[in-house]
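Visitor: Can you walk me through this fold? Keep it short.

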Amino acid sequence: MKSLGKALWNALWQLLAPPVCAACDEPLHQPNVLLCADCAALCEPCPAQTMPLVPGAPHCLSRFAYGGPVQTALLRLKWQGRDDLARPLGLLLRPILLEMLQTFEADWLVPIPLHPQRLRERGYNQAMLLARAAMPTQPSSLTLHAGLLSATRPTAAAHRQRRIERIQRVESRFVVPRRAQAHITQRKIILIDDVITTGATVTACAEALRQAGARDVQALSLLRVV
Ligand SMILES: [Zn+2]
């Protein structure tokens with residue numbers, strides 16, 4: 001009920017309020033953009049050489065380095081009920097999804113699942129919303145599928161955990177539901193998440209999918225801690 005009220009308030013606010021930058025709230029002079037020109041200029045692309053991920057991590061591509069205006073907008077999406085930001089943020093992922101598809105003709109695009117408890121609290125899975133917006137508009141082999149993984153236990157928010165705890169806690173947090181197994185055998189899968197920090201989450205998901213018979217798994221994120 002609380003999240004419904006919040007969603008209605010947000011919808012009403014978006015109808016009445018003039019468009020503003022998703023990070024600094026300055027008025028926007030262009031339609032259909034996420035950030036003002038000043039904030040857009042501060043966005044740093046994710047460098048090719050980044051901190052190594054945990055052992056066994058899948059090949060990963062990220063659009064921006066963690067921090068800056070995109071992080072501000074993402075935190076608003078995740079913690080302030082701003083699901084209106086999911087589409088413009090997800091569109092930022094499309095170029096790297098298309099880049100990955102050039103060498104990796106995947107069957108499924110799979111958002112990292114949220115535990116049902118967190119899903120109830122938030123009202124949506126931000127990775128699912130980002131994935132929906134990032135999907136190519138041209139016909140391709142790729143299909144969005146949110147039912148191939150489920151999260152078996154909740155965790156505290158990543159920013160409230162220490163790095164080592166986070167690596168330990170994601171172990172076997174994800175499973176492939178029995179009904180999904182037939183869809184995974186010999187399939188190529190792209191995981192999509194909002195942030196990659198140590199890579200522990202995408203690695204745990206990739207491991208679950210590989211054990212269920214996936215041929216190969218790669219991963220995408222909007223932000224990466226570098
Ligand atoms: Zn701005």
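Guide: Here is a quick tour, starting with the ground rules. This is a predicted model: local features need pLDDT of at least 70, side-chain atom pairs count only at pLDDT 80 or more, and totals for chains, interfaces and linings use all residues. Residues are numbered from 1 along each chain as its sequence is written.

Visitor: How many helices and strands does the protein chain have?

Guide: Eight helices and seven strands. Both are DSSP runs numbered from the N terminus: helices are H or I with at least four residues, strands are E with at least two.

Visitor: What's the strand order in the open sheet?

Guide: S1-S7-S6-S2-S3, five strands with parallel pairing. Strands pair if DSSP finds at least two bridges between them.

Visitor: And which are the edge strands?

Guide: S1 (59-65) and S3 (143-144), each pairing on one side only.

Visitor: How many bridges link S2 and S6?

Guide: Four, in the parallel sense, between S2 (residues 108-111) and S6 (residues 188-196). Val110 is opposite Leu191 of S6.

Visitor: Which strands does H3 lie across?

Guide: H3 (residues 68-79) lies across S1, S6 and S7 (216-224), at about 100 degrees to S7. Axes are lines fitted to C-alpha atoms, for helices over the stretch in contact, and angles run from 0 to 180 degrees between N-to-C directions. Contact means C-beta atoms, placed from the backbone, within 7 Å.

Visitor: New topic. What share of the protein chain is buried?

Guide: 35% of the 226 residues. Buried means 20 or more other C-beta atoms within 10 Å of a residue's own, with C-beta atoms placed from the backbone.

Visitor: How many residues are in the largest nonpolar core?

Guide: It has 59 residues; Leu89, Leu191 and Leu222 are among those with the most contacts inside it. Such a core is a set of buried Ala, Val, Leu, Ile, Met, Phe, Trp, Tyr and Cys residues joined through C-beta atoms within 7 Å.

Visitor: What does Leu89 touch?

Guide: Leu34, Ala73, Leu74, Leu77, Leu130 and Leu222, leaving out residues up to four places away in sequence. Leu89 is also one of the buried residues of H4.

Visitor: What do the buried residues of H4 pack against?

Guide: S1, H3, H6, S6 and S7.

Visitor: Where is the kink in H4?

Guide: At Arg94, about 30 degrees, shortly before Pro95. The bend is the angle between axes fitted to the seven residues ending there and the seven starting there.

Definitions and conventions: Two residues are in contact if their C-beta atoms, placed from the backbone, lie within 7 Å. A residue is buried if 20 or more other C-beta atoms lie within 10 Å of its own, exposed if 12 or fewer, and partly exposed in between; C-beta atoms are placed from the backbone.
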